[in-house]
Structure formats: structure tokens, C-alpha cells
Amino acid sequence: MRESIFSGKVPITCPSDEIPWQMKCEMVRSDDGVEIRLIDTRDMFTFYLNAISPSDFYVMKREQDIIVDYDRFVNVLVKMLHGLQNGRLSGIFSRETNRFVFVEKDEFRNIVRLELQFSKPDESHYKQYLGDILGRMESDNIRLIKENEMLREKCKGYERDAKERRRYLEEELAKAQKKAEKLFKENAGFIESMKSSNEDLSKLNNRIYELEKENSKLQYDLEKLKLQEVKNASLVEKTQEIDEENRKLKNEINTANEIIRKCMDEVAQMKSSSAENDERTKDIRSENKKLKTELDALRNKVKDLDDKHKRMSDDSKAKDSRLKDLEIENGKLVKKLENAQSVYSHFYSKNIENPGPGIYSDNESLFSIVPESPPH
């Protein structure tokens, strides 16, 4: 028994132009194994065949490291063919070697999922292929004949239903026409009654308009009365508030009178104490005058002392400057004395080394300035 488990067009990638970019793939399962056909969409008699029997599968399993069994392999192969259709996998076919490779594209590298070796069909394969086509056409023809008969039966039923529906609609139309005539007559009576009703309605509308005017006037008067009542109520409240404020003011006036009386008493006491304070103030003023005179005398003394201190400081500055000048002159004299002493020492040592009778003159013999001993 042969069973078609896949049939559809799959995209093919092939460097050769002889292979179209899309081929029809048919997968048939039989008792002997699975047959896969790649059929050229431009020529239905050009196809490539791959037959996989259970024994062939185990050889392929060993070569390609397949880890599923034969039954599951068939289901996986069908899924891979569907993956070619939805673009999840790519199919690469080599025209030279007739090898078909299922490739999964990845960012890093392409992964080969499965390789199938196809071959060109022989006469028996063509016969089998034509037999499959004829069998499929026969089964399709039988299915179409059955569907045609079913459609004919449905059409006959639709015709019967349409006739019954038409008869029913004609009856309903006649009834509707009778109802329409009756309604037309009733409508004429309704129109007459409506005219009278419209006249009554216009009268009622006029009456309603007049009543609305009166109602608006009454509403206006009512609003006035309400406003007057509100004003009266507010006046009563204001009167009560004014009475309450008057009562509070009377209490405050009484309190203020008490405070004024106490203040008057305090003022009288302050006046009596003020007289005593005036006498004390006079005494303090006389004492202040005495202290002021003493303070002026002390200020004059301080001023004299300041002048004297300034004069003394000026004298001290003059003496300091004179002392500095004297120290400078003293230094100069000390230097001169040292120079004279060095000259004297020089001549003294020279006279001791070369003594002679004719060295000194008469005056020098009488008045000698040579010291008796050299200076120490």
C-alpha cells in the first residue's frame, strides 16, 4: 500500500541554471520504505528520486550520526520539508553529485542537518511515477464525481427549497397587500382624526403658552418674596447682632470707667510723689554743679600735665639725639687715640733699638715726652 505523506513546492538553491529555484517535492511511504521525488516544475517528467528502505536508513544513520529510529526519522523528514517551505531551513542541490542537503543557517556557520543522495529515475521508476499520477488522478476523479453528485443533490434541494420559499413569499405578499389596503383605509381615518387633534393641540399649545407666561410672572413674584424674606431674616439677625454688640460695649464702657478711676487715683499718688522728687532733683542738681566745677579743675590740671609731659618728651628726644652724637664723637676719638698709640709705640720701639747722643735737640733733652716705660 502506497501513501502520500508530503506533497508541495519547496525552494531549492543550486549553482546550475538547469535546476529551477523551486521544485515540487513528493514523499510516498510504502511497505518497502520511503520514496522522495524532486520534480521539475517546468517539466513534470524531469525528476530526481531518492528511495530509503530500513536497511538503507541504518547505513545512512551510521554515516551521518543520526540518533533516531526509522519510524521517527520519517516524521522528522516531513518536518524538515515543511521547514524548507517556511524558510527555517534551506535546501541545497548539487547538479553534479545529485546530493540534496538540508542546511540550517546560523550567525556563525551553516549547520548541515541531513544529506540525501538522489538519482535519476529508470524506466521502472517512470512507470511507478506514472502509476502514482494515474492513481492519484483516478482517486481525484472519483472524489470529484462524488462531490459533483453531492452538489447536484444539494442543488436539487436548493431548487425545492427555493420553490417552496417563493410560494410562501407570494402568499405572504398577498397577505401584506391586503394588510396594506386595510392600513391605507385606517390611515385615512387617522389623518382626519389627526387634523382635528392638531387643531385641539394648537389650542392647547396656546393655552399652555399663556399659562407659562402666568407661571413665569408668578415665579418672578415668588422669587421677590423669597428675597424679601431672606432680607428680613438677615435684618433680624443683624438687629440681634447689634443688640449683642451694644451689650458688650456697655460692659466694656463700665470696665473702662473702672480703669479710668483707678488711673485717676494713681495719677494723684504720682503727683504727691512728684513734689518729693522735685526737691530731690534740686539737691542733685546743686551737687552736679559742684562736681562739674571740680571736673573742670581736674581737666585743667590734666591739660597742664599733658603739656608738661610733651615738653619733657621733647627734651628727652633732644637729649637722646645729643647722646647719640656724643657716642659717635667718642667712637671717633677712640679711633684717633688708638691710631696715636700705635704711632707712639712704633717710634718708641725704634728709639730703643737705635739710641745715640745726637738724637735729641736741646729742647728735647730738657722737655722729653718719652714715657719712662712703654705703655701696657
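Tyr58 is partly exposed, with a relative accessible area of 46%; buried means under 20% relative accessible area, exposed over 50%, and partly exposed in between (1.4 Å probe, protein chains only). Phe57, by contrast, is buried at 0%. The model is predicted: local features need pLDDT of at least 70 and side-chain atom pairs pLDDT 80 or more, whereas totals for chains, interfaces and linings use all residues. Residues are numbered from 1 along each chain as its sequence is written, and side-chain values use heavy atoms, without hydrogens or water.

Across the whole structure, a search finds 7 aromatic pairs. Rings of Phe, Tyr and Trp (its six-membered ring) pair if their centres lie within 6.5 Å; planes under 30 degrees apart count as stacked, over 60 as edge-to-face and the rest as tilted. Phe57 and Tyr58 make an edge-to-face pair, 5.4 Å centre to centre with 65 degrees between the planes. The rings of Phe93 and Phe118 are also edge-to-face, because their planes stand at 70 degrees, with centres 6.4 Å apart. Phe93 lies in strand β5 (residues 90-93) and Phe118 in the loop between β7 (111-117) and α3 (123-353), so this pair ties together parts 25 residues apart in sequence. Helices (H or I, at least four residues) and strands (E, at least two) are DSSP runs, numbered from the N terminus.

Asp40 lies in strand β3 (residues 34-40) and is buried, with a relative accessible area of 9%. Beyond neighbours within four places in sequence, Asp40 is in contact (heavy atoms within 4.5 Å) with Glu18, Pro20, Met23 and Thr46.
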